[in-house]
Amino acid sequence: MISLVNIFGVLGNIMSGLLYLSPFPTFWRIVKRRSTEEFESLPYICKLLNAYFWVYYGLIKPDSLLVATVNMFGGVVEIIFLTIFLLLAPPRMKTRTTILVAILDVGFPAAAILLTQFLLHEEARIDVAGLLCVIFSMIAYASPLSAMKTVVTTKSVEYMPFLLSFIFFVNGGVWTIYALLTKDWFVGLPNGTGFLLGIAQLILYAIYWKPNKSSKQVLDVLEDQQQHEPLIPGGLQSNHTGEVTSSYRS
């Protein structure tokens, strides 16, 4: 008999998979134009790092395979995106991206996983892995917060497409229910936050929506913006402002 945990875990996998695929139009544009233009690689580097830790957490915690599976998929997607970026980026951006990937997506996760694997016992290992997942997931919420700030400032939802906000809302809700069923606060904390942010985004959408932009225009504007918002407030920044799609996966 299929349990509620499995049902919500599978639904969460579907929603998170859609969020992982949301930058596809950006990379289709990059491939067609054979240039990364002004897009930034940092969001994808950070999302790959986040995926690594959720895969690790899902594998070492008993009965949490569904947490790992969607992030395995997400990790593959981010690796493909970053490969495209490295192939088509100009020399300076390619060098910068290579250095960041080596540090954040190879060196740091490898060191963290090896240290937790060999220096900590099972429960402490799970707790440290879960804490790292929560930290990097919460950092990623600079993205939807930035989108919400832009909506309030401009009194327009053109930078916050309804479909993306709705998927973000459903994703957070599904994983929050999963966390309640499994009593897993490491999954529940970031997703509960994402669920509340999703509600806030939908409320803002209802307040500021005006039928004056085509969906294609909205998506084009979003994709132009989504690369330039730092995932870490006060950290690395580009010369542009905007927001990054999707926050937490799993």
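A residue is called buried here when its relative accessible area is under 20%, exposed when that area is over 50%, and partly exposed in between, with a 1.4 Å probe and protein chains only. The structure is a predicted model, in which local features need pLDDT of at least 70 and side-chain atom pairs count only at pLDDT 80 or more, while totals for chains, interfaces and linings use all residues. Residues are numbered from 1 along each chain as its sequence is written, and side-chain values use heavy atoms, with hydrogens and water left out.

The chain contains 10 helices and 0 strands, where helices (H or I, at least four residues) and strands (E, at least two) are DSSP runs numbered from the N terminus. Of the 250 residues in the chain, 52% are buried. Among contacts (heavy atoms within 4.5 Å) with a separation of 6 or more, 79% are between residues 24 or more positions apart.

Salt bridges, meaning a side-chain nitrogen of Lys or Arg within 4 Å of a carboxyl oxygen of Asp or Glu, number 4 in the count. One of them joins Glu-40 to Arg-96, with the closest N and O atoms 2.9 Å apart. Because Glu-40 lies in the loop between helix 2 (24-33) and helix 3 (42-60) and Arg-96 in helix 5 (residues 91-119), this pair ties together parts that are 56 residues apart in sequence. Glu-40 is buried at 11% relative accessibility, whereas Arg-96 is partly exposed at 28%.

Salt bridges with shared partners also link Arg-29, Arg-33 and Glu-37 into one network.
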